[in-house]
Amino acid sequence: MTLQSIRKAAIIGAGQMGLGIAYVSAVHAKIPITIYDPSSSVLSSATDKYKSLISRDVSKSRLTSEQADEALSRFSTSQGDGSEGGGEGSIRDDVDLVIEAIPEIPALKLGLFKRLGNALTPSTILGSNTSSISITKLAASAGSGMGKEESQESSQRVIGIHYFNPVPVMKLVEIIPALQTSQQTIERAKAFGKACKKEVTTSTDSPGFIANAILMPMINEAIMVLERGIASPQDIDKTFQLGMSHPMGPLKLADLIGLDTCLNIQRVLHTETGDSKYRPATLLGRMVDAGWVGRKGGRGFYVYDERGDVVEAK
Ligand SMILES: NC(=O)c1ccc[n+]([C@@H]2O[C@H](COP(=O)([O-])OP(=O)(O)OC[C@H]3O[C@@H](n4cnc5c(N)ncnc54)[C@H](O)[C@@H]3O)[C@@H](O)[C@H]2O)c1
């Protein structure tokens with residue numbers, strides 16, 4: 001089997017993960033990417049952040065100015081989610097890989113995979129950066145509304161390609177094949193992860209895969225400890241930093257991930273397993289209700305300034 005390489009990619013969702021995936025694709029894998037988002041302000045802030053990541057690389061001598069110009073020329077944006085098929089602003093068939101990084105809401109992702117499955121040729125890999133949602137369900141959605149053979153072909157190019165936050169820094173990608181995923185899709189996705197300069201692990205399609213099956217219940221427990229008034233956020237985080245050598249405590253990590261994302265992941269773990277041990281902490285839900293979604297929104301368990309530095313603990 002010759003491995004068809006990835007020559008061009010589309011990233012859907014220009015939030016913290018989508019931008020990071022765009023960066024490693026353009027800078028390390030050296031392929032042109034277009035990043036899609038329905039919000040024009042998100043796209044313009046993603047473009048600014050991309051430019052500042054590249055400038056920082058030049059100032060730290062990680063890129064020459066010529067390499068920086070090349071990296072800038074590989075980056076483009078488009079408003080919308082790119083999935084309608086055919087029209088202006090749609091992802092084209094010459095794209096070998098699509099990776100979605102839209103919010104962790106099952107109905108949103110299932111709808112997107114259905115549209116992508118119908119719009120794009122089956123040789124285009126459809127990757128999801130989901131933290132917890134079933135890849136097998138996304139693959140079934142990508143094959144829905146078509147004949148049996150086309151459906152099988154469309155489902156077998158779906159795969160979980162799960163990067164870690166912040167993507168330019170963290171060295172891992174978790175690969176999650178669906179039940180329907182072909183061996184060729186798995187090999188191409190792994191090769192792409194390595195081209196992005198990441199180590200690769202593989203997980204079966206089980207709620208939370210490897211990382212979030214373990215991490216998110218721990219974060220949820222930390223929030224329950226706070227909720228019960230057992231300790232302050234600083235002391236909970238200090239316990240993990242100084243007592244267990246974690247680089248960051250669970251509450252600060254939850255703020256970094258995004259409390260909306262944490263809540264959505266915990267909800268998936270709870271509904272998919274039916275196990276009450278996964279019920280989301282009430283305080284987590286209340287924080288999201290208040291719009292306190294963590295560092296990206298300026299406030300979570302800590303308050304942040306515009307640069308993302310902690311100003312005070314709540
Ligand atoms: N935050 C993390 O630490 C982390 C780590 C690994 C994986 N993930 C996963 O990555 C995905 C994105 O997380 P994030 O932290 O980047 O979220 P985010 O909130 O920073 O960004 C989500 C982006 O999606 C856009 N969006 C909303 N609805 C959309 C739609 N229908 N179509 C296209 N774009 C849409 C939003 O405008 C936003 O820019 C989630 O599935 C999450 O579970 C997150």
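**Figure 1. Binding-site positions from the UniProt record.** For "binding site", the unreviewed UniProt entry lists Gly-13, Ala-14, Gly-15, Gln-16, Met-17, Gly-18, Asp-37, Glu-104, Lys-109, Ser-131, Asn-165 and Lys-296. Please keep in mind that the model shown here is predicted. The views that follow pick up several of these positions in turn.

**Figure 2. The shell around the ligand.** Which residues come nearest to the ligand? Of the 28 residues around the ligand, these are Gly-13, Gly-15, Met-17, Ser-131 and Asn-165. Helix α1 supplies the largest share, three residues. Sorted by class, the shell holds 12 nonpolar, 12 polar and four charged residues. Domain 1 (9-202) and domain 2 (212-313) each contribute at least three residues to the shell.

Figure 3. Ala-14, one of the positions in the UniProt list, is found in the loop between β1 (9-12) and α1. Is Ala-14 buried or exposed? Ala-14 counts as buried because 28 C-beta neighbours lie inside 10 Å, and 20 or more are enough for that label. Setting aside residues up to four places away in sequence, Ala-14 touches Leu-19, Ile-35, Asp-37, Val-42, Leu-43, Ala-46 and Thr-77.

**Figure 4. Gly-18 within helix α1.** Gly-18 has its place in helix α1. With 25 other C-beta atoms within 10 Å, Gly-18 is buried. Residues up to four places away in sequence are not counted here; beyond them, Gly-18 touches Ile-11, Gly-13, Ile-35 and Ala-101.

**Figure 5. Val-42 on helix α2.** Val-42 is found in helix α2 (residues 40-59). Why does Val-42 count as partly exposed? Val-42 has 18 C-beta neighbours inside 10 Å, so this residue falls between the limits of 12 or fewer for exposed and 20 or more for buried. Along the sequence, Val-42 and Gly-13 are 29 residues apart, while in space their C-alpha atoms are 9.0 Å apart. Leaving aside neighbours within four places in sequence, Val-42 is in contact with Ala-14, Gly-15 and Asp-37.

**Figure 6. The largest nonpolar core.** This core has 79 residues, and Ile-11, Ala-22 and Val-98 touch the most other members. Helix α1 (residues 16-27) gives the most to the core, with eight residues. Both domain 1 (9-202) and domain 2 (212-313) provide at least three residues to the core. Val-98 touches Ala-9, Ala-10, Ile-12, Ile-91, Leu-116, Thr-124, Leu-126 and Gly-127, with residues up to four places away in sequence left out. As background, nonpolar side chains tend to be buried together in soluble globular proteins.

Figure 7. The chain is divided into domain 1 (9-202) and domain 2 (212-313), whose C-alpha centres lie 26 Å apart. Where the domains touch, nine residues of domain 1 are in contact with 10 residues of domain 2. On the side of domain 1, the touching residues are three nonpolar, five polar and one charged. The unreviewed UniProt entry annotates residues 8-202 as "domain: 3-hydroxyacyl-CoA dehydrogenase NAD binding". This span, residues 8-202, is 43% helix and 19% strand, and its end C-alpha atoms lie 24 Å apart.

Methods: Residues numbered from 1 in each chain as written. Predicted model: local features only at pLDDT ≥ 70, side-chain atom pairs only at ≥ 80, totals over all residues. Core = buried A, V, L, I, M, F, W, Y, C linked by C-beta atoms within 7 Å. Helix = DSSP H or I, 4+ residues; strand = E, 2+ residues; numbered from the N terminus. Domains from an automatic or database assignment. Contact = placed C-beta atoms within 7 Å. Near = placed C-beta within 6 Å. Nonpolar A, V, L, I, M, F, W, Y, C, P; charged D, E, K, R; others polar. UniProt positions renumbered as here; feature names shortened; annotations may be inferred.
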